[in-house]
Amino acid sequence: MAQTFGVNLRGVIDLLSHHLYSSPRVYLRELLQNAVDAVTARRLADPSAPAAILVETTERTGTGTLRISDTGIGLDESEVHTLLSTLGGTSKRDELGFARQDFLGQFGVGLLSCFLIADEVRLVSRSASGGPAVRWVAHGDGTYEVEVDDSARAEVGTTVELVPRRDCDHWTEYDTVAMLAAEFGSLLPFEVRVAGADGQVLVTEDELPWVRRGGESVAEHHGRLAAYCKATLGFEPFDVVPLEFGAVGLTGAAFVLPAGANPGSRQAHRVYLKRMLVGTSIEGLLPDWAYFVRCVVDTSALRPTASREALYEDETLLAVRDAMGSRLREWLLRLDATEPERAGALLAAHQLGIKSVALIDDELLRLAERWVPFETTRGTMPLRQFRRNHQTVLYTPDVDEFRQLAPVARAQGIGLVNAGYAYDTELLRRLASLDNGLTVRRVDPAELLAALGRPTAAVEASLKRTMSVACKALDSHDCEPMLRDFDPVSLPALLVADAGGARRRDAADAREDADPLWQDLLGQLVDAGSGAAQQLVLNTRNPLVARLAGIDDPSLLETAVLALYVHALLQSHRPLRPKDTATLNGSFLDLLDRAIGH
């Protein structure tokens, strides 16, 4: 036999009111939302009906309670039971005329937020359909009473009264209530007033701030939106992109950050749902690549979550996200065509996002080629400028490798691009596939070595003993020395890593700390190849290297070679292993001791 769930109503109320919402501050938003829905329902039936919402703070009521009154459609006794005392009764709401497309509320749990600050909620309502007024009182323990009291309210509408707990008095004081009402309800289509001891203030605005006003020029509209962005979002925008998508009832504006933003930062958009604020840090409205844009929008089609503090991830939101991304892409291309200098500045500041979308968009790929700066041996410049002198684009996918090879490549007249940052390598390859006349190729350090000159036989002979000592000194570092003749003269040594050898070295290092089983497996990797993991290329043009031939003391010669090794290792920006650190300290102290001793 089918059984029904046993539900502890008090526990459910505590769960929803204290854990569904992020903060007690949302209680006023939920009350405003219910009032707006009620007024909307009455205006649909009678467009001439009054539309007003009044919030009276504790200073105004004088009874220590907060009241919110509306001129909405009101409720009769049966509707009070159905709408206010049934959790999640969405289908019943629709049957009674509260269709989702016209109203903010969807889940039938909004009044529960009042229990965040109160242990008792009182409601008096008179229905526009006739009948006596109804009084409803709910308690935090999950109980409620309903009674018919025709003297409770003379006019059609509803009044909700909260009795705050002692530790929540501040939530119903004028300063707090006025601030919350202005934040959540400033764009609502009906008048919302907050009353205190000294009178009342209107918190709603006449129109949406991003809508262009009559007689306002484009420049004036842009300036007003920039000022709005500064006041609301806290920054002076680089540019403003108007947004309007009638299919999903979305209007608003996108504000481009003036400086580089962290790609991992939250997008933090300000979103209104049917002119009620959903939140100021809503995510998912834009594609990930548009991390440098902040939006303020109002929508009627996107769905909120049950707490109405985020957007529900559904097909509509996905469609909006794609449409917003397309609009920003069109704006970028138009900016490049009309104001190329500003476009260049923008792409330089927000290049990571532009590069990520350029991987899937041909037009933005051309835009990135023309404006996004790359680090090269000819200086920092866009790829389009670099290609004017180098038909073949040689690149290295590692930043440290580029820093190591760049001085030598530059001195040899070899053009090299640093593609070690995010998306750079993929972007170069895609550019090559799009442009048949472009060759993009990763440079191999061994290829660079082949371009270096070999010293004369006399120089090699003079450094023969040095090379013998160097071979023994560098063997423990899995490094072999070699002599070359190259520019710049100021560079005494260059450390070049062999990819296969480096993998064997890493396996050997891991083997030392592994258990016996893994030692055997890693040993196969270590023994699978031959040759050193790295080469120390000594520059015979450098005066310091040339003087190595005149050192007679073998121990001093070994120290000098090791010092050149760790200097080249530091120049390569690769991490130091424990043995490298020991060599650095030992060679430095030995040379210092010899210098002081003399």
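Let's start with Tyr144, which is partly exposed, at 35% relative accessibility. A quick word on terms: buried means under 20% relative accessible area, exposed means over 50%, and partly exposed lies in between, using a 1.4 Å probe and protein chains only.

Now the ground rules. This is a predicted model, so local features need pLDDT of at least 70, side-chain atom pairs count only at pLDDT 80 or more, and totals for chains, interfaces and linings use all residues. Residues are numbered from 1 along each chain as its sequence is written, and side-chain values use heavy atoms, with hydrogens and water left out.

On to the rings. How many aromatic pairs does a search of the whole structure find? Five. Tyr144 belongs to one of them: its ring centre is 6.4 Å from that of Trp136, and the planes meet at 40 degrees, so this pair is tilted. Here are the cut-offs. Rings of Phe, Tyr and Trp (its six-membered ring) pair if their centres lie within 6.5 Å; planes under 30 degrees apart are stacked, over 60 edge-to-face, and the rest tilted. Trp136 itself is buried, at 4% relative accessible area.

Next, Tyr291 and Phe292. This pair is edge-to-face, with 5.6 Å from centre to centre and 90 degrees between the planes. Tyr291 is buried, at 6%. Phe292 is buried too, at 2%. Ring pairs also bring in Trp289, making a cluster of Trp289, Tyr291 and Phe292.

Some rings have a charge over them. That requires NZ of Lys or CZ of Arg within 6 Å of the ring centre and within 35 degrees of the ring normal. Arg303 lies over the face of Tyr312, 4.2 Å from the ring centre. Over the ring of Phe238 sits the charged end of Arg342, 4.3 Å from the centre.

Last topic: the backbone. Helices (H or I, at least four residues) and strands (E, at least two) are DSSP runs, numbered from the N terminus. Which peptide bond is cis? The one from Asp487 to Pro488, with omega near 0 degrees. Pro488 is in the loop between strand 19 (479-484) and strand 20 (493-497).

Lys274 is not a glycine, yet its phi is positive, near 50 degrees. Look for Lys274 in the loop between strand 11 (269-273) and strand 12 (276-282). Lys274 is buried, at 16%.

Asp478 also has a positive phi without being a glycine, at about 55 degrees. Asp478 sits in the loop between helix 17 (464-474) and strand 19. With a relative accessible area of 25%, Asp478 is partly exposed.
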